[in-house]
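Visitor: I have a chain open here and would like to talk it through. Could you start with any term I need before we get to the numbers?

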Amino acid sequence: MLDAILKRRSCRKYKSNDVNDALLDEILKAAQYAPTAKNWRGWEFVVVRDKQIQRHIAEVVHERFGLSAPIFLFPIIDMSTSVCPIEELSTVTTHIMLQAKDCGLDSIWIEIIESKEDKIKTILNIPDNYLLINLIQIGYCDEELRPHTESEFDENKIHFDNYTSH
Ligand SMILES: Cc1cc2nc3c(=O)[nH]c(=O)nc-3n(C[C@H](O)[C@H](O)[C@H](O)COP(=O)(O)O)c2cc1C
């Protein structure tokens, strides 16, 4: 697992190669084993592969690096049933990104700010009571990604038993 964690880096430029359904299924499966408050498992997932719809989304998101991945994945959650929607969307995103890496794919979390959320929901016919906080791009990376290194690990960030001790 640590190997996948170190190798997962945000990819901002993707090859046009599609991702096969079996790999996508694995990623969506990993998503649904993410922890949720009270095990309510309120998330749902909108997978966008249609290029025209992706273009509409890209116009709204206006990401400075562009959006070039073959898969746009939106985790969404019903706010009327989830008590911790942001936490649950964040946790499921981590599952998705790590499973993507384990499947030989790359990904990135693109933030969807509140002012853009409604426009995305309109494009995708997502009901008003659902929250979305991000778009996960998934595909085969077309840039060199350097794995994280052990040198980024900082022992000083860890406190045992009380904050003043390391
Ligand atoms: C909450 C959150 C929001 C992010 N939003 C964006 C974004 O809008 N655009 C982008 O290019 N990267 C975004 N990222 C990716 C971060 O820039 C990236 O994870 C960080 O620089 C660390 O690099 P790494 O993912 O390669 O480890 C976001 C990441 C997180 C966790």
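Guide: A residue is buried if 20 or more other C-beta atoms lie within 10 Å of its own, with C-beta atoms placed from the backbone. Please keep in mind that this is a predicted model.

Visitor: What share of the chain counts as buried, then?

Guide: By that criterion, 28% of the 166 residues of the chain are buried.

Visitor: Which elements is it built from, and in what order?

Guide: There are five helices and five strands, and from the N terminus they follow the order α-α-β-α-β-α-β-α-β-β. Of the contacts between residues at least 6 apart in sequence, 78% join residues at least 24 apart.

Visitor: How do α3 and α5 sit against each other?

Guide: The axes of α3 (residues 51–61) and α5 (residues 114–124) come within 10 Å and cross at roughly 170°; an angle over 145 degrees counts as roughly antiparallel, and the two helices are therefore roughly antiparallel.

Visitor: Which residues meet there?

Guide: From α3 come Ile53, His56, Ile57, Val60 and Val61, which meet Lys116, Lys119, Ile120 and Ile123 of α5. By class, this contact has six nonpolar, one polar and two charged residues.

Visitor: Switching topic, which residues are around the ligand?

Guide: Around the ligand are Arg9, Ser10, Arg12, Glu63, Phe65, Ile108, Trp109, Ile110 and Glu111. This shell divides into four nonpolar, one polar and four charged residues.

Technical notes: Residues are numbered from 1 along each chain as its sequence is written. This is a predicted model: local features need pLDDT of at least 70, side-chain atom pairs count only at pLDDT 80 or more; totals for chains, interfaces and linings use all residues. A residue is near a molecule or strand if its C-beta atom, placed from the backbone, lies within 6 Å of it. Ala, Val, Leu, Ile, Met, Phe, Trp, Tyr, Cys and Pro count as nonpolar, Asp, Glu, Lys and Arg as charged, and the others, Gly among them, as polar. Helices (H or I, at least four residues) and strands (E, at least two) are DSSP runs, numbered from the N terminus. A residue is buried if 20 or more other C-beta atoms lie within 10 Å of its own, exposed if 12 or fewer, and partly exposed in between; C-beta atoms are placed from the backbone. Two residues are in contact if their C-beta atoms, placed from the backbone, lie within 7 Å. Axes are lines fitted to C-alpha atoms, for helices over the stretch in contact, and angles run from 0 to 180 degrees between N-to-C directions. Angles under 35 degrees count as roughly parallel, over 145 as roughly antiparallel, 65 to 115 as roughly perpendicular and the rest as oblique.
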